[in-house]
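Subject: Structure for your records

Dear colleague,

Please find the structure below, followed by a short account of what was found in it.

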Amino acid sequence: MMISQFFVLSQRGDNIVFRDYRAEVPKGSTETFFRKVKFWKEDANAEAPPIFNVDGVNYFHVKVVGLYFVATTRVNVSPSLVLELLQRIARVIKDYLGVLNEDSFRKNFVLVYELLDEVIDFGYVQTTSTEVLKSYVFNEPIVIAPARLQPIDPAAIFTQGAKRMPGTAVTKSVVANDPSGRRREEIFVDIIEKISVTFSSSGYILTSEIDGTIQMKSYLSGNPEIRIALNEDLNIGRGGRSVYDYRSSSGSGVILDDCNFHESVRLDSFDSDRTLSLVPPDGEFPVMNYRMTQEFKPPFHVNTLIEEAGRLKAEVIIKIRAEFPSDIIANTITVQMPLPNFTSRASFELEPGAAGQKSDFKETNKMLEWSLKKIVGGAEHTLRAKLTFSQEFHGNITKEAGPVSMTFTIPMYNVSKLQVKYLQIAKKSSSYNPYRWVRYVTQANSYVARI
Amino acid sequence: MAPPAASQRYPSPSQPSGKSEVTDLKSQLRQLAGSRAPGVDDSKRDLFKKVISYMTIGIDVSSVFGEMVMCSATSDIVLKKMCYLYVGNYAKGNPDLSLLTINFLQRDCKDQDPMIRGLALRSLCSLRVPNLVEYLVGPLGSGLKDNNSYVRTIAVTGVLKLYHISASTCIDADFPATLKSLMLHDSDAQVVANCLSALQEIWSLEASHSEEACREKESLLSKPVIYYFLNRIKEFNEWAQCLILELAVKYVPSDSNDIFDIMNLLEDRLQHANGAVVLATVKVFLQLTLSMTDVHQQVYERIKSPLLTLVSSGSPEQSYAILSHLHLLVVRAPFIFASDYKHFYCQYNEPSYVKKLKLEMLTAIANESNTYEIVTELCEYAANVDIAIARESIRAVGKIALQQYDVNAIVDRLLQFLAMEKDYVTAETLVLVKDLLRKYPQWSHDCISVVGGISSKNIQEPKAKSALIWMLGEYAQDMSDAPYVLENLIENWEEEHSAEVRLHLLTAAMKCFFKRPPETQRALGIALAAGMADFHQDVHDRALFYYRVLQYDVHVAERVVSPPKQAVSVFADTQSSEIKDRIFDEFNSLSVIYQKPSYMFTDKEHRGPFEFSDEIGNIPITPEASSDIVPQQFEANDKDLLLSTDEKDDNRGLSTTGSAYTAPSYDNSNISSQMQELAISGPATPATTQQSSFDFDDIFGLGLSTAPAPALTPSPPLLKLNPRAALDPGAFQQKWRQLPISLTQDCSVNPQGIAALTVPQSLIKHMQSHSIHCIASGGQSPNFKFFFFAQKESEPSSNYLTECVINSSSAKAQIKVKADEQSTSQAFATVFETALSEFGMP
């Protein structure tokens, strides 16, 4: 289970850090890796898989914020272990640097080397806990200003819309001190749900799934114990065949298909009162991941029509309706639809008075794109497009276009109805009252309507 | 440890060579080396950072080695760490300079601060300079006894590093024994975990020449050691837990209580958020229950949900690793996942490597109950913008059709694909229709009427064009314009760039000629002339051969080129079950990702802790063992016959061009050898296909041993069993209750079989390779009881249920057969008995 080398490459293939732990892999592995990934042969537009073998050397990589985190080994190791490790290394580095990107990496590479030496020794993983690493690592991070950063993780979306959230929190290093010299006592609990829905051409739901995470980031000093209470009517486990058991009660309870927990979580009273207790380690980590296929109300209804309108013309109408309460606002919505291959031009007609909307036809991949800054709950928006074709077409035009896919983010809203009822911090002093942020967000993972 | 050598020695032109910068650094470092001025550490930090940044981008800064060492006299730990990093990087290339560092590293190993002791010891062991090993033993010895656990953790790994530099020094200092005692007594979990990984590595390497190491390695798998680890598994961090679980996989439990104890201890590991921990646990569960069929099934049911959660909770890369394992399980036990098919639907934004896996899984789990939904979903993908995935989806539909579920509806769908008029869709579909016709000639009427409507001008891809041409030749009688379409194509011979297509044209023209001579005569003449003038050797040879055999006797030619067809029963592009089992044994390793056993992609020393076949009686499949050359050869032969035609030609091209080039003239013997060659590899030669497929069935159906097989099989027609038969235990029980016993028979088991029966699982595997599947087994020596089921290849609804009781002391077996179709139960019993009689044979 040992790895031979670890390195991070930029998008252009430059070495950002490079560490050889066992000197078993011939030099030049970074070039070999980069060439292979850049020119993955089998299909022109196919991505290289995360694991491949070149001349007996196994290359593993994960892509984080456009950087390649790579490990090599000659041993037949557990693939999950190495990929999990790479992802974890990225997380640890982010905990330290506050933000993860090429710039912060280059400014802090000595610190990164220091971390890497403690994370892996002679190819064997020692620890990936930011908490544990804190006592071995001495370099101070050089924190770069988060203002000009791209959002890189689900939590980062909180920095955009909702004003009540302290935007810088999630990009704060767990070790660096505030410029003011004191640390704010605070803890973030984010309930992030990614939803996948496929609508059939007649509009009914073919598949739906919620993949949720309760993510925690603690800046509390002295590691107090924390209790999180979830819905009391939470049920876990419905095997493929036992659905009917729950049918009757599906009106009220939240039923998760399955879930898993971070190793720090203790489940002593989970069965009786649905509380999780843990001493949160430093850094960001998922307290619990869950999966749900119970029916839920999709936040958007999509209606698409494509019709021929003359010899070389067609018309597309896309209607989206927000099916959530009017005090909730979805943001950064994009709608995409592949148009027939022989489309040469598209002209758009937005609804009168439309603000914050943009529409575009991407000639190269024949893609219709419609973006909306925000959608208020209950609202309906329509886009009309007139297409011009370069050649005549006989046949079923709906087979040539679609499906329509959507991406969006809905802060302070979650479809599963899973809730954190309370967040208790056990600490003696009565004056101790740290900031607690419990935030919800729903994002589209794969939101597709067939036409 | 250094960045790649190329860029280190020869910096690329775009980068500064760094020469002047390095000289600059050198003098600055020199100035600071002796200084004790306040703030000097800060200036040193800046300089050290520069040095290390040059090192990272590939500039050679080894020339400042001396200065760096001089500057290392500091109490600043950040500086020290940078210095250690630098030294570690360049020591190997500069052994003389390394000597300089020994002094200060040894001094630091005795520092008051445990952090410095640890760091110095780690650097010391990382120098990798063989002639310095003598300096390691002392500090390592005291490091292992250090009262600080951080130092001990580093010392333990240090021992392993020492072993790799000089094994004898490590063994002579008796370090392994020290590690063993630390492993069993240290209070720190990470020290214990490092001892375990170090000892596993050392003893595995020593085991080849030391019996003692072998014993020690075995002792790690003893019950007390295993339970020592498992009982305190939660004290370890997640990575060390994986290590322990990998160890537990190799443990051979004493009885079923032992098995359940371990499973209960590990049950909650399946809820871990780390996929590596979950997969390692799954592996333990699967391996422990291999011999307990019903529990094994429960394990599948139990692990399904956690694995699906992991697929959707991680990054795409992590999901890929988990999905690959699910893929393996799905292919192994499709019926368990049959109701979960929706989880394997593709999402539009998934990377194509994930989509490909999902398509294969959907293909595998398609059965009577879900085929309609799955095929409907796949048809949606066929219109996908991602053309590669659209193609894969169409192929998946075809594969499902070849699995015999709902062929009728699927043929309709395929024909609808042709109506979509997209080039790549048409191309893929044509290839599929061709394969379908080879398996189900009864569909020719429907297919041909649609295929006939396709204009050959719209088809450019060689594979698709070949498929169309093959159909034109094969069904010339049913397609009214076949001779004219062929003639058209032949007239454009010069513009046809693919040799594969030209080969097909020749054969199709021949076949068409036999069926409709007057209309085709002219086209065939042109084709033969063009073929014999072709620059491509294979095309030339085939044209010449056709010409001569026609000249010799037209009827002989017809018998060779266009004999009556026989439907292809099995497309043998699937992996052998031995290979699949091998991959299953290597669960939670790269073998699963690459879908190959480890011997195919790693050299022996790197197969790692996952290869445990030496310890447990698995079926050995070393490539050199003669026993498995047989099936491999067979696979190859079979491919020639039954794989899609283009691959055949590829093979043929490779294997035959050599001989063709050495033959200067075409005398008789040469032609006859060509004829043979052609007959074996040509797409249009079912005469040999027929014969060879009998061969194939002989071997496949009746096993690998050649001698006893004919004796044991009398004359009755061979019963073909469905290798992918599926029956759930409930249905089995119901049937077993309903059906009468149609046959009871006694047979004997050969002594090798009885010996192999010590692992009952091996019989199950063996029977499975004969398409007879075990549904339940039990018993203790000398009495074993197995329930098997099998299905008729041609009629999935025709099941054979068998109870088989084996007495290992008398080497006798009694079988009771129940069958849906009683008339064939004797035939089945024969197949069963033959298969059983070969059990244990090499």
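Chain A contains an open sheet of 9 strands in the order β13-β15-β9-β8-β25-β23-β18-β21-β20, with mixed pairing; strands are DSSP runs of E of at least two residues, numbered from the N terminus, and two of them pair if DSSP finds at least two bridges between them. Its edge strands, each pairing on one side only, are β13 (258-261) and β20 (357-362) of chain A. From one strand to the next, the twist averages 15°. In chain A, β20 pairs with β21 (residues 367-376) in the antiparallel sense over 6 bridges, and K358(A) has S371(A) in β21(A) as its bridge partner.

This is a predicted model, in which local features need pLDDT of at least 70 and side-chain atom pairs count only at pLDDT 80 or more, while totals for chains, interfaces and linings use all residues. Residues are numbered from 1 along each chain as its sequence is written, chains are lettered from A and ligands numbered from 1 in the order in which they are written, and side-chain values use heavy atoms, leaving out hydrogens and water.

Chain B has 43 helices and 5 strands, helices being DSSP runs of H or I of at least four residues. Of its 842 residues, 58% count as buried (under 20% relative accessible area, 1.4 Å probe, protein chains only).

In helix α27(B) (residues 462-474), 11 of the 13 residues are buried, among them W470(B) and M471(B). Their cover includes α25 (423-439) and α29 (499-515) of chain B.

Yours sincerely

Methods. Buried < 20%, exposed > 50% of the residue type's maximum accessible area, 1.4 Å probe, protein only. Axes fitted to C-alpha atoms, helices over the stretch in contact; angles between N-to-C directions. Contact = heavy atoms within 4.5 Å.
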